[in-house]
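Me: Please take a close look at one part of this model: the ligand and its surroundings. I would like one connected account.

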Amino acid sequence: MKTLLYPGSFDPVTRGHMDIIRRASALCDELVVAVMHNPDKRGALPVQKRVALLERCCALYGNVRVIAHGGLLIECARETGASAVVRGVRPLGDFETEYQMAQVNRMLGGVETLLMTTCEDCASISSSIVRQIAVFGGEIDSLVPEGLADDVRAALGRGGEGGQDGSAG
Ligand code: COA
């Protein structure tokens, strides 16, 4: 069985992430989407919330499984039996970081990384832009998967869950 691993912070999941999930899930028997911890980022949404939002969006794909993993990417790849990691690359500046991550993960764990170019419509979307707009009560419907906007706003807005330590445990 061919398993691919799509790791990320998903804080929160955006339409850009879903574009990669849709296309990557068509290339394998199973796609494992892993909510992981990026030490360079302070989490906004609790990990369980990020997983729940992803599970809702991925329910229509029969071969996509969502997990949370608090360790190294190479450990997650080994534990899930993934033959490769998938990452999305936006045109503005993602490549250098992704190249370095891919090289290190191959050196340390023998894990290959497949880089997929993001769709044109998604090139300017990022989780931090979604968070910033949502916190001020702005319109995020076109940035997050269909049906998720209210939930994301509630989790991030004033009186929501935003501000908690969202690190993957
Ligand atoms: N379209 C549009 N935007 C996209 C996108 C797409 N297809 N894919 C990602 N993005 C955006 C995200 O919204 C996010 O925006 P933000 O920076 O404003 O938050 C950004 O690009 C990248 O986020 P995402 O892919 O969700 O997660 P990440 O890059 O923070 O994830 C980990 C990095 C978690 C995979 C990495 O830190 C990791 O492997 N951690 C585990 C520890 C480890 O092994 N470290 C060593 C790695 S060599």
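Reply: Start with the term pocket: on a 1 Å grid over the protein atoms alone, a pocket is an open set of points with protein on both sides within 12 Å along at least five of seven lines, and lining residues have an atom within 4 Å of a point. A molecule sits in a pocket if more than half of its atoms lie within 2 Å of its grid points. By that test, the ligand sits in the largest pocket.

Some ground rules. This is a predicted model, in which local features need pLDDT of at least 70, side-chain atom pairs count only at pLDDT 80 or more, and totals for chains, interfaces and linings use all residues. Residues are numbered from 1 along each chain as its sequence is written, and side-chain values use heavy atoms, with hydrogens and water left out.

Now the pocket itself. Its space comes to about 1200 Å³, a volume filled by probe spheres set on grid points joined across faces, edges and corners. The lining counts 44 residues, and Gly8, Ser9, Asn38, Lys41 and Arg87 are the closest to the pocket centre. Helices (H or I, at least four residues) and strands (E, at least two) are DSSP runs numbered from the N terminus. Helix H4 gives the most to the lining, 7 residues. At least two residues each come from E1, H1, helix H3 (73–80), strand E4 (84–89), H4 and H5. By class, the lining has 15 nonpolar, 19 polar and 10 charged residues. Here Ala, Val, Leu, Ile, Met, Phe, Trp, Tyr, Cys and Pro count as nonpolar, Asp, Glu, Lys and Arg as charged, and the others, Gly among them, as polar.

Next, the shell around the ligand. It holds 25 residues, with Ser9, Lys41, Leu73, Arg87 and Ser128 the closest; a residue is near if one of its heavy atoms lies within 4 Å. The shell divides into 10 nonpolar, 12 polar and 3 charged residues.

Polar contacts (pairs of N or O atoms within 3.5 Å) come next. Ser9 places a polar side-chain atom 2.6 Å from a ligand oxygen. For His17 the distance to a ligand oxygen is 3.0 Å. An N or O atom in the Asn38 side chain is 2.9 Å from an oxygen of the ligand. Taken alone, the ligand exposes 950 Å², and the protein buries 87% of that (Shrake-Rupley method, 1.4 Å probe).

How values were computed. Polar contact = N/O pair within 3.5 Å; in protein donor to acceptor, adjacent residues only side chain to side chain. 1 Å grid on protein atoms, 1.4 Å probe; cavity = no way out; pocket = protein on both sides within 12 Å on 5 of 7 lines; lining within 4 Å.
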